[in-house]
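Here is a short report on one protein fold. Keep the sequence and the 3D view side by side as you read.

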Amino acid sequence: MAVSDDPGHGFGDAIIDSAAQEPYPHRGPHFPVAVKQRAYRFDGLGNYFIKDWDLSDGTGDEFHWYHIELPKGNHQLAQAAEYLIEALCPPFRLHDILTLVSNGPFVGHVDGALVFRVNSPGPAASDFTLRLAARVTERSVITVSLGRVPRLEFSPAGRSLLSEIPSVEEQKHGTEAVVIPEHVLEFLLTMNHSEEGDNPVPKRVSNLLVHIIDTHVDHIQDIVIKLEMELDTVELDSDKGGSMFKRKMLDDRKFPKMHLILQRLLQVVSHCEQVFPRVKEKCASKSWFASEDIVTLEELIGRLRRIKENLGFLVNRVMAIQAGLDSWQSEQINKKLYYLSFLSMIFLPLSVVTGVFGMNVGGLPWTGQKGPGIDNGFLNVLIICAVLLLVLLLLFTFPSLIDRFNGWRGQLLNKTRSFGRRSSLIRSTAKYQRI
């Protein structure tokens, strides 16, 4: 899509030229279609225009913004560097490319431009690997992101869904209420921002830089809110679900995976906490950076601290739920061991009795084949087994009987010891009197 660069066309009056040439004629043969590029020109009066990708600086009050959106996928970091080389070289050198694409936090000046990045390590295909790098000068800004960052770009102002009068069902004729489906409400509840068309157009580079950092922080908070809602749902299902649901969560390692995700997000927030305060300090010394934008950066840093605290609370919740599942699993194992012990208690005495009477030795009662006194030998053995089972069942069912027996046995032992000490004392006293 090519848009006219005529200053007469402002924020809401962009003209689309359907007969325009290929939008990215500079792309090399190895440049994938999934890599998206946007180039904007801001006139400093609250208007923006889509421009050609020439990596030039603005003149006068104008400034330019060039954004590269790398695709999510299983590509290596070297491939991302190749994409940037095709998009930014020339005029940039390899050192500039590596500064933008490398992992980890960084803030510094490279060839007079302020460069910072908050690229978290991890697989590029993951939804929880966030990368943002920027090169800022007085008249231009170049940004590189991994995947789409909500609300980062600009679109012509239109009628926003957020400005409509909502309704949950079809209204009568003559009303202007718009039906909002449930899935749309669920999506809007996970957002911490408005739509792209509601973005205020920056009038200076400092406004644009604050907008870029603000959208990155919003993106992090959107992910945290979505995880929190998912955790609430899983926790509710875990409370209502039965043993099959809990066993499935243990088999799927649901909460250990969520714990790893939260740890990765904590790393993302830690990188931002390292980078953005230093960006604020370096921008404070720039004459072209507005003082109100410095205050906004400080507020964004405070938001990051609150997001980090919220992530800590979520980590504690995940660990508590996982501990509850581990306790439930231990209880299930203990129940199985209980039943196994119960069966062992039943069959072990029976095995002893049958083993004794099954010995091929003489002298065992009721083992003869003839005689009037051994007619009920088998019945007598069954009675002995039944009495043993009854005693064991009573002890197993009423453990208080064992406690009482132990208490009675302890009292008896104490009485015996006290009687023994008294007898020895009497004998020693009598012996002393004889002496």
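What share of the contacts in the protein with a separation of 6 or more comes from residues 24 or more positions apart? The share is 65%. Contact here means heavy atoms within 4.5 Å.

## Basis and overall make-up

This is a predicted model, in which local features need pLDDT of at least 70, side-chain atom pairs count only at pLDDT 80 or more, and totals for chains, interfaces and linings use all residues. Residues are numbered from 1 along each chain as its sequence is written, and side-chain values use heavy atoms, with hydrogens and water left out.

The protein has nine helices and 11 strands. Helices (H or I, at least four residues) and strands (E, at least two) are DSSP runs, numbered from the N terminus. Of the 435 residues in the protein, 37% are buried. Buried means under 20% relative accessible area, exposed over 50%, and partly exposed in between, with a 1.4 Å probe and protein chains only.

## The sheet

An open sheet is built from seven strands. Their order is β4-β3-β5-β9-β8-β7-β6, with mixed pairing. The edges are β4 (48–50) and β6 (104–110); each has a single partner strand, so one side of each lacks a neighbour in the sheet. On average, neighbouring strands of this sheet are turned by 15° against each other, direction ignored. Axes are lines fitted to C-alpha atoms, for helices over the stretch in contact, and angles run from 0 to 180 degrees between N-to-C directions.

Strands of a sheet pair through backbone hydrogen bonds, either parallel or antiparallel. Two strands count as paired if DSSP finds at least two bridges between them. β3 and β5 run antiparallel and are joined by seven bridges. β5 and β9 are parallel, also with seven bridges. β8 (residues 132–136) and β9 (residues 140–146) are antiparallel, over five bridges. A hairpin of three residues joins β8 to β9.

How many residues of β5 are buried? Eight of the eight are, so β5 is largely enclosed by the rest of the structure. Both of its faces are covered. F63, W65, H67 and E69 lie on one side; H64, Y66, I68 and L70 lie on the other. W65 stands opposite Y40 and also opposite V141 in β9. Y66 stands opposite I142 in β9.

β9 is mostly covered too, with seven of its seven residues buried. S140, I142, V144 and L146 point one way, while V141, T143 and S145 point the other way.

Helix α1 (residues 77–88) has 12 residues. From its first C-alpha to its last it reaches 16 Å, close to the 16 Å expected at 1.5 Å a residue; the expected span is 1.5 Å times one less than the number of residues. Its buried residues are A80, A81, Y83, L84, A87 and L88. They cover an arc of only 155° around the axis, which puts them on the same side of α1. That arc is taken from the directions from the helix axis to the C-beta atoms. Their cover includes β3 (36–42), β5 (63–70), α2 and β9.

Helix α2 (residues 94–101) packs on the sheet and touches β6, β7 (113–119), β8 and β9. Its direction makes about 40° with that of β7. D96, I97, T99, L100 and V101 are the buried residues of α2. They pack against α1, β6, β7, β8 and β9.

## I212 and helix α4

I212 sits in helix α4 (residues 205–240). It counts as buried, at 1% relative accessibility. Which residues does I212 contact, leaving aside its neighbours within four places in sequence? They are W65, L132, V141, T143 and L152. I212 and A134 are 78 residues apart in sequence, yet 9.0 Å apart in space, C-alpha to C-alpha.

## Cysteines

A search of the whole structure finds zero disulfides. The criterion is a pair of cysteine sulfur atoms within 2.5 Å. C89 is partly exposed, at 27% relative accessible area. C283 is buried, at 1% relative accessibility.
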